[in-house]
Amino acid sequence: MSAASQQNSQLLPAVSSFLSSPRQLLIDGEWVEAKDGQTFDTVNPATEEVLVQVAQASAVDADRAVVAARNAFESGSSWSRMSPRERSHLLWRIGDLVDERAEEFAQLESLDNGKSLASARGDVGVAAELFRYFAGWATKMEGTTIPMSVPGREFHAYTRREAIGVVAGIVPWNFPLTMAAFKIIPSITAGNTVVLKPAEQTPLTALYLGQLLLEAGVPAGVVNILPGFGDAGAALVDHHDVDKVAFTGSTEVGKKIAAGASKNLKKVSLELGGKAPNIIFNDADLEAAIAGAALAGYFNEGQCCVNGSRLYVQRDVFDQVIEGVAAAAKAIKVGDAFDPATTMGPLVSQEQHEKVMGYVRGAVADGANVVAGSPDPAADKGYFFSPTLITDVTEDMAVQTDEIFGPVITAIPFDTEDEVVAAANNTVYGLAAGVWSKDLGTAHRVGSKLRAGTVWLNTWHADDVTLPRGGFKQSGWGRELGSFGLDDYTELKTVIAELR
């Protein structure tokens, strides 16, 4: 049985129905065609077959969506009159609906992105939990009273947290549903309205979420969803009536967004690229560190901005660690997402496959050694790529400096703490980092020296919706999730009243 036949035989009726007709844009509570009638294909990366045609939003559609979002935000609308408690109940209701449809979301995510069903189920669970977590914050957007000291006069001064307005959320293809949740949930928790542009490679779960939001009772225009390409995203960034852009994606695109947003000084939050160093000292629990290094580098097919793709190992245990990570890489089962034995699916697209392959081939040409994996395709059909481990790498090689976004780990030995800290920080990125050592003093000391927004000690990818995430340097502006993430979706107003 082919991969496509195997997948089709397992599809839930709701998923088959969703894929049975072209998908449209969500604007002002209605499913509509693109104004110019354009569509594009979304492709299954495991089979290279078209899943369904999707309406392709243009700048005209972006304007339609922004107008709808602005009208939904303005004073007097049903959304503006909704109390924080009502927003809280709405968010909780959506979380419950996501859980009820969890397998439907997981199948769509696996089909569209390629990740295994097990991974997709985990992502759906995170999305549901995010709705519930932020439901609690809707009633807790509090200000403060501040004493004023003006001789002979008396004032009452306080602050308020208020919604910004219309938020444009632009999200990547590596975690389509959870990234959509990252933008939509804090926006509506604070009382904003949203125009979401999902990645053109993976629009399906965002559109399925749109159906669910309408079912849950989200008023028309509060959340609008525009599948499309870069021109649609650029139109949102340039739009004079968008108050904030929230973007997750590459640093290159993030810089363009920052430049575009400067035209009317709209607020911007950016969660961008990474090239995380993963440091293993010779006193580490090597069994745990080896398993952790494999997880750090190969998680989500390597398509994760906080993956530990730069591995530094103290010299006297280097060979042992490399042998262990190579064995872990070779044990990973690369295959179709719907196969229960699969632990790594395909890369998201042919373009991404060729990019990763080019980096590995370039490293080999520069004299590096591929210990595990191969620069060649792992299958005749589908964008599969073997988990790869590369040694004999120098710090100036592209495979070491650039964010590859594939299952590729580079490994370099080190001798001293100062040496490895300098190497780890020698990057334009600063999203994540990790340290492995049984000496907690060493772990915390080195962790404090690493210039990264998240530092893991003796673990990797441990996470929770309560924790802020974001980066140093060219890895972004602002923080997402936790109480910190909500601040970026509000304006702080100071109110001063004279008491007579």
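Here are a few notes on this predicted model, from its core out to its surface.

1. Local features are taken at pLDDT of at least 70 and side-chain atom pairs at pLDDT 80 or more, while totals for chains, interfaces and linings use all residues. Residues are numbered from 1 along each chain as its sequence is written, and side-chain values use heavy atoms, without hydrogens or water.

2. Start with the largest nonpolar core, which has 78 residues. (A core here joins buried Ala, Val, Leu, Ile, Met, Phe, Trp, Tyr and Cys residues through side-chain atoms within 4.5 Å; buried means under 20% relative accessible area, exposed over 50%, partly exposed in between, using a 1.4 Å probe and protein chains only.) Leu-19, Ile-94, Val-98 and Leu-209 touch the most other members. Helix 6 gives the most to this core, ten residues; helices are DSSP runs of H or I with at least four residues, strands are E runs of at least two, and both are numbered from the N terminus. The core lies between domain 1 (15–272 + 477–493) and domain 2 (277–464), because both give residues to it; the bounds come from an automatic or database domain assignment.

3. There's also a second, separate core of 30 residues, with Phe-385 and Leu-450 among them.

4. Most residues other than glycine have a negative phi. Glu-301, however, has a positive phi near 60 degrees; this residue sits in the loop between helix 11 (286–298) and strand 12 (310–314) and is buried at 3% relative accessible area.

5. Asn-458 also has a positive phi, near 60 degrees. Its loop runs between strand 17 (454–457) and strand 18 (476–477), and Asn-458 is partly exposed at 32%.
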